[in-house]
Amino acid sequence: MSQNDSNWFDSDVVNKVAKEVVETVIGSQAYQHSKVNNWSNAIVEQVLQQLIKSNKSFKYIGWCPPFLRMSLCVHSIS
């Protein structure tokens, strides 16, 4: 599969999207334990929404590792 193929997975694009979403959702806010679940859910949902807009024929699974002792948050969209 060549990089010009429409089904090529570009990890650089995914990293860029993820960084932009984290910056949008959290920005320069200080850590607040009460907001971690909301931040995690918003980040995963927004990243997946952006990736789906690319119309690539992939199935995406979003995983947000736990913050400190928080539970895992896992979302999947196909």
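Which are the buried residues of α1? I began my entries with this point and worked from a predicted model throughout.

**Entry 1: helix α1**

I found that the buried residues of α1 are V17, V21 and V25. Viewed along the axis of α1, these buried residues lie within an arc of 60°, so they line one face of the helix. I then looked at what they touch, and the buried residues of α1 pack against α2. On the other side of α1, I listed D12, K16, K19 and E23 as exposed. For the length, I noted 15 residues in α1 and a reach of 21 Å from its first C-alpha to its last, close to the 21 Å expected at 1.5 Å a residue.

**Entry 2: the salt bridge**

I next looked for charged pairs. Side chains of opposite charge can pair when their charged atoms come close. My search gave a count of 1 salt bridge. It joins the side chains of K16 and E20, at 4.0 Å from N to O. K16 and E20 are 4 residues apart in helix α1, which means that about one helical turn separates them. I recorded K16 as exposed, at a relative accessible area of 52%, and E20 as partly exposed, at 44%.

**Entry 3: helix α2**

How far apart are the end C-alpha atoms of α2? I read a distance of 24 Å, which agrees with the 24 Å that its 17 residues should span at 1.5 Å a residue. I listed the buried residues of α2 as V36, W39, S40, I43, V44, V47, L48 and L51. Seen down the axis of α2, they fall within an arc of 150°, so these buried residues line one face of the helix.

I took L48, which has its place in helix α2, for a separate check. Its relative accessibility is 3%, and L48 therefore counts as buried, the cut-off being under 20%. I also noted the C-alpha atoms of L48 and K59, which are separated by 9.9 Å, with the two residues 11 apart along the chain.

**Entry 4: aromatic rings**

In one of them, the ring centres of F9 and F58 are 5.5 Å apart and the planes stand at 90°, so the pair is edge-to-face. F9 lies in the segment before α1 (11–25), while F58 lies in the loop between α2 (36–52) and β1 (60–64), so the pair ties together parts 49 residues apart in sequence.

Are F9 and F58 buried or exposed, or in between? I found F9 partly exposed, with a relative accessible area of 42%. F58 is also partly exposed, with a relative accessible area of 26%.

**Entry 5: the chain as a whole**

I closed with the totals. The secondary structure of the protein chain comes to 2 helices and 2 strands, and from the N terminus on the elements run α-α-β-β. Of the 78 residues of the protein chain, I noted that 22% count as buried. The accessible surface comes to about 5,900 Å², and 52% of that surface belongs to carbon and sulfur atoms. I also looked up contacts with a separation of 6 or more: residues 24 or more positions apart account for 41% of these in the protein chain.

Notes: Residues are numbered from 1 along each chain as its sequence is written. This is a predicted model: local features need pLDDT of at least 70, side-chain atom pairs count only at pLDDT 80 or more; totals for chains, interfaces and linings use all residues. Side-chain values use heavy atoms; hydrogens and water are left out. Rings of Phe, Tyr and Trp (its six-membered ring) pair if their centres lie within 6.5 Å; planes under 30 degrees apart count as stacked, over 60 as edge-to-face and the rest as tilted. Buried means under 20% relative accessible area, exposed over 50%, partly exposed in between (1.4 Å probe, protein chains only). The expected span of a helix is 1.5 Å times one less than its number of residues. The arc is that of the directions from the helix axis to the C-beta atoms. Contact means heavy atoms within 4.5 Å. Accessible areas come from the Shrake-Rupley method with a 1.4 Å probe; for residues, only the protein chains shown count as cover.
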